[in-house]
Amino acid sequence: MNHRGVEFTVAKTAVPDVWQWQFRIGEQIKTGRTETKIDLLAIRRVQLRIDRELKAIERKTA
């Protein structure tokens, strides 16, 4: 999937209701897990995390 030009993945794990995610911005790879029963909520949480990372990078370069 793609959000604001950042490719990311969200995948269900063997544990019920736990999703694993990963994305890369530049050379940094961010990974994590989120717990929810709803797949779209897991995706939205990753998109919000990407937004936070992009804002942090923007503040550093400004």
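Buried means under 20% relative accessible area, exposed over 50%, and partly exposed in between. The views below come from a predicted model.

**View 1. Helix α1 and the strands it packs against.** Helix α1 covers residues 39-61, 23 residues in total. From its first C-alpha to its last, the helix reaches 34 Å. That is close to the 33 Å expected at 1.5 Å a residue. The buried positions of α1 are A42, I43, V46, Q47, I50, D51 and E53. These buried residues pack against β1 (2-3), β2 (6-12), β3 (18-25) and β4 (28-35). An α-helix has 3.6 residues a turn, so residues three or four places apart point the same way.

**View 2. The β3-β4 hairpin.** Strands β3 and β4 pair in the antiparallel sense, with 8 bridges. Across the pairing, Q20 stands opposite R33 of β4. The hairpin leaves 2 residues between the strands. G26 sits in the turn and has a positive phi of about 65°.

View 3. Setting aside neighbours within four places in sequence, E53 contacts F23, I25 and K30.

**View 4. K30 in strand β4.** K30 lies in β4. Its relative accessibility is 21%, so K30 counts as partly exposed. Leaving out neighbours within four places in sequence, K30 touches W21, Q22, F23, R49 and E53. The C-alpha atoms of K30 and R44 are separated by 16 Å. Those two residues are 14 residues apart along the chain.

**View 5. The salt-bridge network of K30, R49 and E53.** Salt bridges link K30, R49 and E53 in a network. The side chains of E53 and K30 meet at 3.7 Å, N to O. E53 lies in helix α1 and K30 in strand β4, so this pair ties together parts that are 23 residues apart in sequence. Which other residue forms a salt bridge with E53? R49 does, with the closest N and O atoms 3.4 Å apart. Both E53 and R49 lie in helix α1. They are 4 residues apart, about one turn of the helix. R49 counts as partly exposed because its relative accessibility is 25%.

**View 6. The salt bridge between R4 and D51.** A search of the whole structure finds 3 salt bridges. In one of them, the side chains of R4 and D51 meet at 2.7 Å, N to O. The pair links distant parts of the chain, 47 residues apart. R4 is in the loop between β1 and β2, and D51 is in helix α1.

**View 7. A nonpolar surface patch at I38, L40 and L41.** I38, L40 and L41 form a nonpolar patch on the surface. Together they have about 280 Å² of accessible area. L41 lies in helix α1. With a relative accessible area of 33%, L41 is partly exposed.

Note on methods. Residues are numbered from 1 along each chain as its sequence is written. This is a predicted model: local features need pLDDT of at least 70, side-chain atom pairs count only at pLDDT 80 or more; totals for chains, interfaces and linings use all residues. Side-chain values use heavy atoms; hydrogens and water are left out. The expected span of a helix is 1.5 Å times one less than its number of residues. Buried means under 20% relative accessible area, exposed over 50%, partly exposed in between (1.4 Å probe, protein chains only). Contact means heavy atoms within 4.5 Å. Two strands pair if DSSP finds at least two bridges between them. Patches are made of residues with over 30% relative accessible area and no salt bridge: like charges are joined within 9 Å, nonpolar side chains (Val, Leu, Ile, Met, Phe, Trp, Tyr) within 5 Å. Accessible areas come from the Shrake-Rupley method with a 1.4 Å probe; for residues, only the protein chains shown count as cover. A salt bridge is a side-chain nitrogen of Lys or Arg within 4 Å of a carboxyl oxygen of Asp or Glu.
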